[in-house]
Amino acid sequence: MLRYFSLILALSLPLAALAVEPDEMLDDSALESRAREISKELRCVVCLNQDIDSSNAGVARDLRLLVRERLVSGDSDKEVVAFIQARYGDYVLLKPPLNEKTYVLWFAPLGMVAVAIGIVAVAMRKRRKKSVPKVLSDAEEREIKQFIDQHKSGETT
Amino acid sequence: MGRILALTPLLIAVVFGGFFLWGLNPERDPNEVPSVLISQPAPEFALEPVAGVDTPGLARSDLTGNATPVVMNVFASWCVPCRAEHAVLTSLVQRDDITLFGINYKDKPEDAARWLAELGNPYARIGSDQSGRAGIEWGISGVPETFIIGPDGTVLYRYVGPVVGEDAVGKFREALVQSGAISREDL
């Protein structure tokens, strides 16, 4: 039993090893949880593909402290993000915003799907046209009849 | 219609090929963080001088009203590449008569003082940014970083990393020429 318990404890230790240090945390748990949510959406400018909430970089820590400081001084979540965005640009947001620069990013997948649907639709219409059965003309019927008759008479001899 | 349809694979190949060609460009650095400050007014900040160094502090107001564009360098004594960059910056001041300002980023004043005493002090002004808050205002991601600021306080150029080596120095001098801090003959 003790072995299982220590195993579970050992496995859950990495989860507890977060970058946010106790001295950074706010006493107000509501503000602290807001800070954590904001931190998860901000990119660490040193490590690039990590949010500042889980980064141990110095700048990430500074930004975490800044987020908390702004929250304590009464900023809304949006204002805090805007404050940091004004200094580090759109790049600091892990979720790219929708603006003129990112239209391609947001709408290209939709465009590609539309093009794909178009291509498939055209191809299908073509295939359907081909499979329409045609009635032979009288002349063709006569020709085939003639050919079959010839073939039959050839076989018998 | 059929002919246009037959061309679509080629079109797709060209689009993707162009994208790959762009991606293969050795000049492109995917880790580069674009700066929002370029062509924007320098951020508001005011820093005390480094204790024990006989150089005045640095504030936003020092960046405006200069006769020529000035260079502002973010450095620290704990930053190893800064040591190599120091010689380049010193030569900019001595040979090209550039006005050089510094932000001493997250450094202990006594360490910074020792560092400057050992290597020499080319800075006309140094602000001590022990909290790193001014660094955030400038949107820096590490040290060293070097900015060129126009006489009206507009940020003209930003170089991330040490200005060391032929390529980096060449790039930086080109930026100095573009901003009008040195003339093309000095390049």
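How many salt bridges are there between chain A and chain B?

Analyst: The count is 3 salt bridges between chain A and chain B (a side-chain nitrogen of Lys or Arg within 4 Å of a carboxyl oxygen of Asp or Glu). This is a predicted model, with local features needing pLDDT of at least 70 and side-chain atom pairs pLDDT 80 or more, while totals for chains, interfaces and linings use all residues. Residues are numbered from 1 along each chain as written, chains are lettered from A and ligands numbered from 1 in written order, and side-chain values use heavy atoms, without hydrogens and water.

Take one salt bridge. A:Asp62 pairs with B:Lys106. Their closest N and O atoms are 2.5 Å apart.

Now the side of chain A that touches chain B. Helices α3 (58-72), α4 (77-88) and α5 (103-130) of chain A each give at least two residues to this side. The largest share, 7 residues, comes from α3(A). By class, this side has 13 nonpolar, 2 polar and 4 charged residues.

Next, the extent of the contact. Chain A brings 19 residues and chain B brings 20 residues (contact: heavy atoms within 4.5 Å). Together the chains bury about 1600 Å² (accessible area lost on being put together, 1.4 Å probe, summed over both). Of this, 62% is on carbon and sulfur atoms. A:Asp62, A:Arg87 and A:Tyr88 supply 35% of the area that chain A buries against chain B, more than any other three residues.

B:Asn104 sits in strand β4 (residues 100-105) of chain B. B:Asn104 is buried, with a relative accessible area of 0% (buried: under 20%). The side chain of B:Asn104 makes a polar contact with the side chain of B:Asp107, at 3.0 Å. A polar atom of the B:Asn104 side chain also lies 3.5 Å from the backbone oxygen of B:Phe75.

B:Arg60 lies in the loop between β2 (58-59) and β3 (70-75) of chain B. B:Arg60 is buried, yet has no salt bridge. The nearest side chain of opposite charge, B:Glu44, is 4.2 Å away. The backbone oxygen of B:Ala42 lies 2.7 Å from a polar atom of the B:Arg60 side chain.

Definitions and conventions:
Helix = DSSP H or I, 4+ residues; strand = E, 2+ residues; numbered from the N terminus. Buried < 20%, exposed > 50% of the residue type's maximum accessible area, 1.4 Å probe, protein only. Lys, Arg positive; Asp, Glu negative; His and termini not counted. Polar contact = N/O pair within 3.5 Å; in protein donor to acceptor, adjacent residues only side chain to side chain. Buried area = accessible area lost by both parts, 1.4 Å probe. Nonpolar A, V, L, I, M, F, W, Y, C, P; charged D, E, K, R; others polar.
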